[in-house]
Amino acid sequence: MRFEVWAPRAERVDLVLEDAGPGGAEGGTRALARDPERPGWWTVEAAAQDGTRYRFALDGGPALPDPRSARQPDGPDGPSAVVDHARFAWRAPWPGRGLRDAVLYELHVGTYTREGTLDAAAERLGHLVDLGVTHVELMPVCPFPGRHGWGYEGVSLWAVHEPYGGPDALKRFVDAAHAAGLGVVLDVVHNHLGPSGNHLPAYGPYFTDTHHTPWGAAVNLDAPGSDEVRAYLVGSALAWLRDYHVDALRLDAVHALCDTRARPFLEELATAVDALADELGRPLGLIAESDLNDPRLITPRPRGGLGLDAQWSDDFHHALHTALTGESHGYYADFAAAPFPALEKTLTHGYFHDGTYSGFRGRAHGRPLDRERTPAYRLVGYAQTHDQVGNRAQGDRLSATLSPGLLACAAALTLTGPFTPMLFMGEEWAASTPWQFFTDHTDPELARAVRQGRRREFAAHGWAREEIPDPQDPATRERSCLDWAEREKGHHARVLGWYRELIALRRERGDLTDADLAAVRVAHDAGARWFAVRRGDLRIVVNLAQSVAEVPLGVRHARVLAAWEPVEGPDADGTVRLPGESCAVLAVE
């Protein structure tokens, strides 16, 4: 087979093959030759097969893993292994599933089950089918040091974390999801690599000091050598979609991509993904996490945008969270001043900050979204995510502080709203388990720095150091694993039934998937703490107060389709009396 690597600064590159024993590849060292047609590239032909372990040595230095390694069986610092993708027998024919009318479910492999593997997660896919979601969104699966972590400090961007099961386990998971009718979205990180096990700088200018990020030197998207770095990232993205049959990618924190070139990296990536979709004959998508509030991100390229399919909407989350909890620290401050109007604006205009002043940032922020030309499903709405739970001091979910009724209200506004809804695993049954920040760094100095940095960060906000969970303590990860037994008990079962009911209603009622953001109408009374949304002939009413709310529906004839507590239709004056901390969906007749 052909081995190749980009190492533009090297004077000599050697392939170091491990002896695979009788019947396998013969070990030894083979010199690579410069590729005359591709500057900086080195190639060699050598006998190898699936599983053959190898490394590259530059200029007589230590043998290093392949930057494009498809498998790291011994972790990021060990040898790479050849993966023959053609050997996997896919069972489920799959036409693809686009993001239009989707309901997403964010899942962390390492804590979705106690086992923390892709195979164990696949065994729980039946729960998601019964719930009614359409896509599973896996948090990052690239290798990182140790066994357990969030995945955002991954390296080896073409490989699968071995403790999760490695490449074949991801294929088995995707195959099982497709057989169950579920699409798969994979979270990928292009804005930085982890601090441990990252060998890319030895090979070439993958990073640049031209820009600085919270993680140090920026990934090189615009300095000399950036053509190949872009190709590396695009190639990785296409490999997930092509070789693993993934349906879409979630791009982590694209606002942290430092890129000054005339053709942005995200446009280049979106163009390549669209071309692959045409080649494969199935829909593929890109979902960005971005706090820029820049609609060009999700505007089609023919209209001057970058052409991504969707983006996360933190504005919706922040407005909803402040309305539910009253929290006002940090970035919540902009929304907490008037949470009900903030929630109205996000539901009707997409962005809360669309050129308005942000006190948190100390400047104007965002740009208006063209409601007439931007379908609402291009924004992803949620009440909870891994970030919004895990980045809290103790990783507490909404269920730790809110009543089941208020959780039901959050679900109603999320699952009947105009945006593509997304749930965070366990949310659907009001999981009592936290989801905390945990790591498993093998470098003692790095582990100590992470532990101290976490405690220092929250001490500045008034937390005692001993109250902050130790990220390196295995118990922190254990506490974060879902307790599957509780979903069938008490209020957990009731909340789960409510989520199922709302998702089924979204699937059955076309008004709830209407993509016309300009057609959404909202009414509210912040003093009485009720909020009402009009979606076509449907009315969604929530009461966040503890006392009964009288909500003027504006119609006298409406049938209750779903309600958290028993509620009658509107009276002769068109008023609905809604019990405290409850919600309902009604259809005008």
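In this predicted model, the count of salt bridges comes to 33. Side chains of opposite charge can pair when their charged atoms come close. A few of these pairs are worth a walk-through.

Take Glu 11 and Arg 34, whose side chains meet in a salt bridge at 3.5 Å, N to O. Glu 11 has a relative accessible area of 62%, so it counts as exposed. Arg 34 comes out at 46% relative accessibility, so it is partly exposed.

Next up is the pair Asp 119 and Arg 172, with side chains that meet in a salt bridge at 2.9 Å, N to O. Here helices are involved at both ends: Asp 119 is in helix 2 (residues 118-122) and Arg 172 in helix 4 (residues 166-179), so the bridge ties together distant parts of the chain, 53 residues apart. Asp 119 is partly exposed, at 32% relative accessibility. Arg 301 lies in the loop between strand 15 (285-288) and strand 16 (310-312), and Asp 274 lies in helix 7 (residues 265-280); the two are 27 residues apart and link distant parts of the chain. Arg 301 has 26% relative accessibility, which puts it in the partly exposed group. Asp 274 is likewise partly exposed, at 26%. Some salt bridges also share partners, and in this way Arg 2, Glu 4, Asp 35 and Arg 38 are joined into one network.

Now for the nonpolar side of things. The largest nonpolar core holds 153 residues, and the members that touch the most others are Leu 138, Trp 240 and Leu 249. What does Trp 240 touch, leaving out residues up to four places away in sequence? Its partners include Val 141, Cys 142, Leu 157, Trp 158, Leu 170 and Leu 186, along with His 245 and Leu 249. Another core, of 13 residues, lies apart from the largest one, and among its members are Ala 532, Val 541, Val 555 and Ala 584.

His 192 is found in the loop between strand 11 (183-188) and helix 5 (200-203). Is His 192 buried or exposed? With a relative accessible area of 8%, His 192 falls under the 20% cut-off, so it counts as buried. Its side chain reaches the backbone oxygen of Tyr 152 at 2.8 Å, and a polar contact of 2.4 Å joins it to the side chain of Asn 191. Not counting residues up to four places away in sequence, His 192 touches Tyr 152, Trp 215 and Val 219.

His 441, for its part, sits in the loop between strand 20 (420-424) and helix 13 (444-459). Its relative accessible area is 10%, so His 441 is buried. The side chain of His 441 makes a polar contact of 3.1 Å with the side chain of Glu 153. Glu 153 turns up again among the residues in contact with His 441 once neighbours within four places in sequence are set aside, together with Leu 446, Ala 447, Val 450 and Gln 472.

Terms used
Residues are numbered from 1 along each chain as its sequence is written. This is a predicted model: local features need pLDDT of at least 70, side-chain atom pairs count only at pLDDT 80 or more; totals for chains, interfaces and linings use all residues. Side-chain values use heavy atoms; hydrogens and water are left out. Helices (H or I, at least four residues) and strands (E, at least two) are DSSP runs, numbered from the N terminus. Buried means under 20% relative accessible area, exposed over 50%, partly exposed in between (1.4 Å probe, protein chains only). A polar contact is a pair of N or O atoms within 3.5 Å; within protein, one must be able to donate a hydrogen and the other to accept it, and residues adjacent in sequence count only if both atoms are side-chain atoms. Contact means heavy atoms within 4.5 Å. A salt bridge is a side-chain nitrogen of Lys or Arg within 4 Å of a carboxyl oxygen of Asp or Glu. A nonpolar core is a set of buried Ala, Val, Leu, Ile, Met, Phe, Trp, Tyr and Cys residues joined through side-chain atoms within 4.5 Å.
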